[in-house]
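Thanks for coming, everyone. I'll keep this brief. Please look at the structure as I talk.

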Amino acid sequence: MTPDAYCQQKAAQSGSSFYYSFLFLPPERRRAITALYAFCREVDDVVDEVSDPAVARTKLAWWRRETDAVFEGNPTHPVGKALVPVVRAFALPRAQLQTVIDGMAMDLEQSRYVDFPALELYCHRVAGVVGLLSARIFGYQDAATERYARDLGIAFQLTNIIRDVGEDAALGRIYLPQDELARFGVPPSALLRREGGEGFVALMRHQVARAREWYARALEALPATDRRSQRTGLAMAAIYRALLDEIERDGFRVLDRRIALTPLRKLAIAWRTALRA
C-alpha cells in the first residue's frame, strides 16, 4: 500500500463528515488534505485507544519526532511519507503540526475545563490550528481568511464536543466548562452517570447556541475573494451545522446515543454547498 493509499483508507474508514467534503477538491489538494486528516487521526487515536497514559505519552513523543522527520525528508510512517510533499507544496508550518500534538497531549493531562477560555485553548490546538493548515491546502489570497479558518475549526470542535458528551463521559472526560455546569445546575457526576434532565437540556441549548455563534463569526470573516477556494470548508460547515440542527430536533439526547447524519445526506449537503460556493 502506498502512503497516499494508506491515508485514503484511514480517511474513508473513519466515516467522518470531512471525508465527503474532500471529494470535490482537485486531486493534488485532495491528496494533501487527506494526508493532513490522516495525521490528525493517527495522533488522536493515540489518546483515544491507548489506555496507559505513559504509553500514550511515549507514542505522542514518537509522533513529534516523526513530524520533525517529515520536514527533514526522512519519515518512516506512511502518513509521514505522504506529508513530505504536502508540507513543501503548501508551506505548512512545522510549529502548527506540533501544536496539534500539544492539543492531543492535553487529553492526557486533564479531563475537565474550568471555563470556556480554558476550553478554547484546547479547541484552538486540536482544531483551530487544523483549520489554518487546511486553509493553506485549499488556497487563499486574503490573510483575513486565516481568522475564518481558525474560528471554523473551533466551531467544528465545539460541535464534536456536543455530539460526544455521552461517549466522552464514559471515558471520564467532561469538556463542557465546569462553571457552566454549575450555572445550569448539572453536577459532573450526573454526566458521568449519563443522567439528563431539564438542567442538562438548558446546558446543551447554551452549547449549541455558542457553536452556532462561532460558525457565524467564521463565515462572516471569510473574504469574498476566497469563498470559492475555501468551498471545502464551507461544505464541512454546512454538514456540521445540519448536525447541530439534528441534535436540537432530537432533544439534545446525546448522553446515551451518537446522533449522526447518514452518508447520503452528508454527500448531498456537501454537493449542494460546493456548487453554490
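K81 touches P3, P75 and T76, leaving out residues up to four places away in sequence. Contact here means heavy atoms within 4.5 Å. This is a predicted model: local features need pLDDT of at least 70, side-chain atom pairs count only at pLDDT 80 or more, and totals for chains, interfaces and linings use all residues. Numbering starts from 1 along each chain as its sequence is written, and side-chain values use heavy atoms, with hydrogens and water left out.

Where does K81 lie? It lies in helix α5, residues 78-89. Helices are DSSP runs of H or I, at least four residues, and strands are runs of E, at least two, numbered from the N terminus.

Buried means under 20% relative accessible area, exposed over 50%, partly exposed in between, with a 1.4 Å probe and protein chains only.

Now A69. It sits 12 residues from K81 along the chain, and their C-alpha atoms are 9.3 Å apart.

Step back to the whole chain. It has 14 helices and 0 strands. Of its 277 residues, 53% are buried. Take the contacts with a separation of 6 or more: 72% of them join residues 24 or more positions apart.

And the overall dimensions? The C-alpha atoms fill a box of roughly 50 × 45 × 35 Å along the principal axes.
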